[in-house]
Amino acid sequence: MSNSDPTHARAESGVNDLVTSLPITLDLGTVKIYQSGMSTAVETDFGLLVTFDGQHYASISIPGSYINSTCGLCGNYNKNPLDDFLRPDGRPAMSVLDLGESWRVYHADWKCDSGCVDNCTQCDTATEALYFGSDYCGFLNKTDGPLWECGTVVDPTAFVHSCVYDLCSVRDNGTLLCQAIQAYALVCQALGIPIGDWRIQTGCVSTVQCPSFSHYSVCTSSCPNTCSDLTASQNCATPCTEGCECNEGFVLSTSQCVPLHKCGCDFDGHYYTMGEFFWATANCTVQCLCEEGGDVYCFNKTCGSGEVCAVEDGYQGCFPKRETVCLLSQNQVLHTFDGVAYAFPSEFSYTLLKTCPERPEYLEIDINKKKPDAGPEWLRGLRILVANQEVKIGGIGASEVKLNGQEVELPFFHPSGKLEIYRNKNSTTVESKGVVTVQYSDIGLLYIRLSTAYFNCTGGLCGFFNANASDEFCLPNGKCTDNLAVFLESWTTFEEICNGECGDLLKACNNDSELLKFYRSRSRCGIINDPSNSSFLECHGVVNVTAYYRTCLFRLCQSGGNESELCDSVARYASACKNADVEVGPWRTYDFC
């Protein structure tokens with residue numbers, strides 16, 4: 001389900017990868033998905049009811065026929081609460097963390113870590129005592145409070161301790177406190193126990209923002225009347241819940257309250273708002289319009305030339321025809337962006353992807369050569385330039401990650417919001433949303449998914465991304481060739497991208513110490529870490545120069561002193577300084593670069 005608004009349900013759900021407005025009826029009513037209070041509910045004809053508010057609270061209700069037939073974090077449902085903490089292998093969990101990790105589900109879209117393991121509290125004794133008081137978590141069992149009557153049925157003790165634990169873990173006594181009280185209140189309401197308006201007494205009213213023509217109610221129908229079912233509340237079998245309630249004369253249309261004459265259309269189990277266009281066929285051959293009065297007008301339509309019917313980001317439509325995936329093993333391109341496969345040598349380093357400079361987000365992905373004496377676990381290193389950051393993966397394994405030369409703990413989220421690095425079960429993923437996703441598996445498979453914004457704008461071993469497999473082997477100068485050897489040679493790189501696993505510099509310079517000394521001089525790589533050079537001096541305290549200096553030396557040694565390698569290395573450090581908001585003085589001269 002898709003539901004990210006913390007104040008009320010978004011009235012959208014993902015069904016079979018399609019974002020769809022609520023309510024939804026599937027298979028002639030065997031599954032119903034609808035808004036219930038502040039949550040989205042999924043209900044089946046065999047008695048399963050799942051609700052989720054998109055933030056912090058989920059509930060699962062199953063019929064008695066499932067007794068002794070469940071497992072997971074919710075327990076085994078055998079009416080013995082003492083044996084609920086079982087792992088998938090049937091052994092008792094050693095701790096709460098062990099229990100949670102054992103049932104953890106890995107998914108490419110979920111970036112989760114284990115969180116704090118022990119000693120998570122940030123509270124001293126006095127603060128903890130304050131949180132246990134009636135002005136905070138103790139409100140749950142406050143005598144004569146709005147939730148007091150529920151205490152005789154649902155013991156609030158565990159909820160109080162969980163509340164204090166949460167507040168002390170992040171020192172947030174606002175939103176988290178309201179969520180903790182809400183969790184207990186919803187449990188009480190689900191059991192049919194009446195509660196008072198607790199939000200007024202706790203200052204949590206402002207956390208609920210109801211849409212126009214509606215108002216907050218502590219006890220509104222969990223099956224609200226909608227344009228699709230004007231009598232839903234009359235046939236509701238579940239107790240009331242808190243949420244937003246449409247004013248008199250208005251009814252729920254997706255997440256908005258509208259007068260009856262502005263209701264939309266029901267079509268094939270789905271609801272569409274008035275004026276909304278939608279596809280009636282999976283192959284984009286029939287499009288429909290929801291008109292006034294609930295009428296649906298459909299007409300034939302096809303995707304244009306160069307377009308394909310597809311689903312992107314949950315929405316069906318006509319999108320540019322292309323393949324956006326490059327798949328590689330350690331020594332073979334299994335699928336370029338346009339579907340070509342070929343082998344490439346393991347004894348050289350290559351540029352896999354380089355985008356043209358006119359695009360706002362420059363991307364570059366390089367893969368290192370295989371170490372001659374490397375073991376089976378060793379993976380060819382990757383260097384990824386994305387979101388103005390340098391990420392290195394590999395060497396020892398795909399879990400070895402460095403950002404701008406520094407090791408990082410995963411998951412990692414860059415403050416700019418443009419870069420995420422995280423582990424899945426058997427792979428490491430580097431993602432810049434809407435731009436590129438790079439997934440490197442522990443067995444050496446590399447998966448690169450690229451945005452359509454780079455159509456006609458790529459080079460490297462992954463090919464020229466233009467939906468034409470006949471011109472995949474294009475050189476850095478833009479000219480294309482049928483000669484694979486020439487193509488591979490043109491994208492060979494001398495960049496040190498092996499994440500700290502390269503041999504020493506002297507060996508790279510063929511054991512020529514005098515040559516290496518020359519490369520270290522101020523007239524070569526030494527320009528970037530020379531303390532007397534004012535061009536980069538201010539940057540030394542902001543961007544670590546060591547990795548760039550060593551890379552420059554390595555590239556010169558590997559290329560035999562190639563000046564373009566020198567200039568590119570210095571330019572990379574200058575660019576890193578600029579990205580860190582540090583002004584760099586003029587460093588290019590008539591005699592240098």
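This is a short tour of aromatic pairs and disulfides, stop by stop, for you to follow in your viewer.

The model is predicted, so local features need pLDDT of at least 70 and side-chain atom pairs count only at pLDDT 80 or more, while totals for chains, interfaces and linings use all residues. Residues are numbered from 1 along each chain as its sequence is written, and side-chain values use heavy atoms, with hydrogens and water left out.

**Aromatic rings**

Rings of Phe, Tyr and Trp (its six-membered ring) pair if their centres lie within 6.5 Å; planes under 30 degrees apart count as stacked, over 60 as edge-to-face and the rest as tilted. Across the whole structure, a search finds 16 aromatic pairs.

Start by selecting Phe159 and Tyr184. Their rings sit 5.0 Å centre to centre with 65° between the planes, an edge-to-face pair. Phe159 belongs to helix α3 (residues 157–170) and Tyr184 to helix α4 (residues 175–190), so the pair ties together parts that are 25 residues apart in sequence. Helices here are DSSP runs of H or I with at least four residues, strands are runs of E with at least two, and both are numbered from the N terminus. Phe159 is partly exposed at 26%, whereas Tyr184 is buried at 0%.

Next, select Phe267 and Phe278. The ring centres of Phe267 and Phe278 are 5.4 Å apart and their planes meet at 55°, so this pair is tilted. Strand β12 (residues 265–267) holds Phe267 and strand β14 (residues 277–279) holds Phe278, so parts 11 residues apart in sequence are tied together. Phe267 is partly exposed, with a relative accessible area of 26%, while Phe278 is buried at 5%.

**Disulfides**

Now turn to the cysteines. A disulfide is a pair of cysteine sulfur atoms within 2.5 Å, and by this rule the count comes to 18 disulfides.

Select Cys227 and Cys263, whose sulfur atoms are 2.0 Å apart in a disulfide. The torsion about their S-S bond is about -75°, so the link is left-handed. Look for Cys227 in the loop between β8 (214–220) and β9 (241–246), and for Cys263 in the loop between β11 (256–259) and β12; the pair ties together parts that are 36 residues apart in sequence. Both Cys227 and Cys263 are buried.

Move on to Cys303 and Cys318, joined by a disulfide with an S to S distance of 2.0 Å. A torsion of about -80° makes the disulfide of Cys303 and Cys318 left-handed. Cys303 is in the loop between β16 (296–300) and β17 (307–312), and Cys318 is in strand β18 (residues 315–320), 15 residues apart in sequence. Cys318 is partly exposed, at 24%.

Then select Cys326 and Cys462, a disulfide with 2.1 Å from S to S. With -85° about the S-S bond, the link of Cys326 and Cys462 is left-handed. This pair links distant parts of the chain, 136 residues apart: Cys326 is in strand β19 (residues 325–328), and Cys462 is in the loop between β33 (458–459) and α6 (484–490). Cys326 is buried at 0% relative accessibility, and Cys462 is buried at 0% too.

Finish at Cys71, which is in no disulfide; the nearest cysteine sulfur, that of Cys74, is 10 Å away. Cys71 is exposed, with a relative accessible area of 61%. Cys74 is in no disulfide either, and Cys74 is exposed at 64%.

Definitions and conventions. Buried < 20%, exposed > 50% of the residue type's maximum accessible area, 1.4 Å probe, protein only.
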